[in-house]
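Me: Could you walk me through the salt bridges and the core of this one? I have it open here.

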Amino acid sequence: EEGVGMIRKRKTDDGDVRKYTEKRWISPSSDEKVPLVSKSGTKPKGAGTGGTAWSHILAISIRKSIQIIRDWRILLFIMFTPAFQMTLFFIAIGPDPKHLNFAIVNQDQGIAMNTPYYFNLGDKIVDQLGQGNIMSLHNFSSLPTAISETRAGNEWGALYMTPNFTTASIARFNDGANSDPQTQYDSTMHLYLDMSNYQITILLQEKMLQAFQSVAASVNVSVDIVKVEQAVYGSQTVKFLNFIAPGMIGIIAFAHSIGITAVSFVREKLDGTMDRIYAAGVSSVSIVMGHFLMYIFVILIQMAILIIITVFAFKVTVEGDIIYVIIILLLLGLVGMSLGLLISAGARQETEAVQLSLSAYFPALLMSGVLWPIEAVPTWISWLSYSLPTTWACNALRSVMIRGWGITYPQIWKAILIIFGWAMG
């Protein structure tokens, strides 16, 4: 049988039995063989004693690289799955919903002002709502019918304006707080919304406010009591995508760093490769560092693809120095690799490794402020959020990409030090 430095016997033509030493091989496939270590028959200095032999580290790294390169499907999966997920994120999350069915019950009769001039405030508001492709307006003659359609799920809500809407609005503007309750009721835009979807509800309310403000401005009436001045950071047109994109880049990098390493040791333990590596005199430190050396190049390629897609394909601005984005992502990838190798070393089956990976990924996704501001996390469990490296990474990425901060800001250098500590720990 094959073995590292094993002594074999064979007979020569003259009948003599001679001994020889054969190099050890492992077989990733039936027709291809990769040398396990660079030397055979001898025990390198430091091997098997917990030391590190750089020849072993390089050999293991090369062996893992060849195994991945040989299977082009796995190679494509490792390299482009993060990019594919990031692309889906930009396509599905961030843009405003379109063609939202909405019921309109506009009974406003308008008012004749300086005949023949006719002014109908309700019609002008409906015209404003119909601009763009966010809302698809459907006119109804009665409010009960519109509400019934909303309850049936055919409409996202209904807007009702009374027959005296224009007249009452002018009277309310003139009388102010002294207007009677009926005038206040008639001059109000009554919304009946399906609030089962929070984001759509907020969007519809914002659309109504913008429509009313636009109509008021057209008749030289200002209803803006709060004016938002030039933004200190970001812009006045900022969207939810700008908030979530930096965090998603970090969490995707972290998750795939765990995924590509979580099952690496498990497979080698199951097929006996790990036993043969130890039999060759390779130390545990050399094995781990060999895996790190190979996977670090994979992480670098993944990071480069993610940044290219984010910045160039989907035009997400990076106000600060992009080198800080690369450093943070690389360190976060090292943390993910370390966690993945730890999971792989402790798991006995591949299913265990996958389950443990998911148990590490979802807390990081939910508790790191990626999807929602971390300030909303209850105080009694906020310690968990601030103990995660992904929390510091997401905050630092937002500060660099949106605020333009650099290493001189505590939020940046503290984050780098904490993530580095996690990677080295």
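The chat below turns to the salt bridges and then to the nonpolar core.

Reply: Keep in mind that this is a predicted model, in which local features need pLDDT of at least 70 and side-chain atom pairs count only at pLDDT 80 or more, while totals for chains, interfaces and linings use all residues. Residues are numbered from 1 along each chain as its sequence is written, and side-chain values use heavy atoms, with hydrogens and water left out.

Me: How many salt bridges does the structure hold?

Reply: There are three, a salt bridge being a side-chain nitrogen of Lys or Arg within 4 Å of a carboxyl oxygen of Asp or Glu.

Me: Which residue does arginine 63 pair with?

Reply: Arginine 63 meets glutamate 268 at 2.9 Å, N to O. Arginine 63 lies in helix H1 (residues 54-70) and glutamate 268 in helix H9 (residues 264-270), so the bridge ties together parts 205 residues apart in sequence; helices are DSSP runs (H or I, at least four residues) numbered from the N terminus.

Me: Is arginine 63 buried or exposed?

Reply: Arginine 63 counts as buried at 0% relative accessibility, where buried means under 20% relative accessible area, exposed over 50% and partly exposed in between (1.4 Å probe, protein chains only).

Me: And the core, which residues touch the most other members?

Reply: In the largest nonpolar core, of 56 residues, they are Met86, Phe89, Met248, Ile251 and Leu329. Such a core is a set of buried Ala, Val, Leu, Ile, Met, Phe, Trp, Tyr and Cys residues joined through side-chain atoms within 4.5 Å.

Conventions: Helix = DSSP H or I, 4+ residues; strand = E, 2+ residues; numbered from the N terminus.
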